[in-house]
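Me: I'd like to learn how to read the surroundings of a ligand. Could you walk me through it?

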Amino acid sequence: MGHRFFPAEGGRKFLVIDKISSRPYSPGMRIIAISNNKGGVGKTTCTVNIAGALHQRGKKVMVIDLDHQAQTTYHLGLNPKSIDRSIYHVLAEELEYRDILIDRGGIHVLPSSSILKDIELMPIPAKEFLLKDAMQSLEEYDFVLIDCPPSLGVLTMNALTFAQEIFIPLQVQFLPFHGMYNLFEAVQMVKKRLNRNIAVTGIIGTMYNASKSINREVIEETQKRLPGKLFTTLIRENVSLQEAPSWGKTIFEYKPDSNGATDYSNLTDEILERPVPQED
Ligand SMILES: Nc1ncnc2c1ncn2[C@@H]1O[C@H](COP(=O)(O)OP(=O)(O)O)[C@@H](O)[C@H]1O
Ligand SMILES: [Mg+2]
């Protein structure tokens, strides 16, 4: 493949070959997309509570809300309706990421707002690189967690182009493998065309209920079909996890003694121990 230039609006040039091979970030920084094209599987809950647990462990954490429904923004106690500077303005090159960053008790948030869906319609070439480009000057973080929308559209592609890792929340109460294959196929495509460094680190089993046999079946199937990918810690069904968003709190701030807090704490220990996969 030769050098392919994609002129962007405003005269900016994209040198795609360089972008695919470059890894401009510090080797210690982990950039993780939390993605599943199915909605309601626990992406937002994972993003907020893993961020909370990492922050508790003294890690420097950034959360990027890349869903126009802005539920992560809301879950972190910010009102998307009153936010007039969101990740949309960064992707549209109107603002720098630092202009929209909110320090929310030590967790740095790039909030979303409903206008974000307009990115889908904007006539910009090589749109998958908008986030990565906007984050070229990203300062040092231990973890950057990106909450993705429930689709494989351009915003998810932006997350997968910028990230090095993917965590896939999987609701273990259904047999959702068809959708997961679409996601794995998309990851392979991203790897080939947009980001060589992307890999699925792990699958997070969510809303686990030991009394329902379907839960065990899904877990066994996942272990069989995708060996080594499922995190050992399962996130149990827990009503406190459901309640925390409307208080604008992580589970550690809302109910630190709940099963939800225990599970997200154990999961985070596992995340810190599990090496970043080199090949997928
Ligand atoms: N472990 C859990 N137990 C009970 N409810 C949960 C759990 N995890 C998430 N939920 C709830 O399920 C719904 C969907 O979760 P969410 O994280 O918003 O999914 P997604 O971001 O994938 O759409 C939310 O109402 C959330 O509070
Ligand atoms: Mg969500």
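Me: Which side chain does an oxygen atom of ligand 1 come 2.5 Å from?

Reply: Look for a polar contact, a pair of N or O atoms within 3.5 Å; within protein, one must be able to donate a hydrogen and the other to accept it, and residues adjacent in sequence count only if both atoms are side-chain atoms. Here an N or O atom in the side chain of Thr45 is 2.5 Å from that oxygen of ligand 1. This is a predicted model, where local features need pLDDT of at least 70, side-chain atom pairs count only at pLDDT 80 or more, and totals for chains, interfaces and linings use all residues. Residues are numbered from 1 along each chain as its sequence is written, chains are lettered from A and ligands numbered from 1 in the order in which they are written, and side-chain values use heavy atoms, leaving out hydrogens and water.

Me: Where does the backbone come in, with a distance of 2.9 Å to a nitrogen atom of ligand 1?

Reply: A backbone N or O atom of Asn238 lies at that distance. A polar backbone atom of Arg236 is also 2.9 Å from a nitrogen atom of ligand 1.

Me: Which residues around ligand 1 come nearest?

Reply: A residue is near if one of its heavy atoms lies within 4 Å of the molecule. Of the 14 around ligand 1, Gly40, Lys43, Thr44, Thr45 and Asn238 come nearest.

Me: Which helix gives the most to this shell?

Reply: Helices are DSSP runs of H or I, at least four residues, numbered from the N terminus. Helix α2 gives the most, three residues, while α2 (43-56) and α10 (239-247) each supply at least two.
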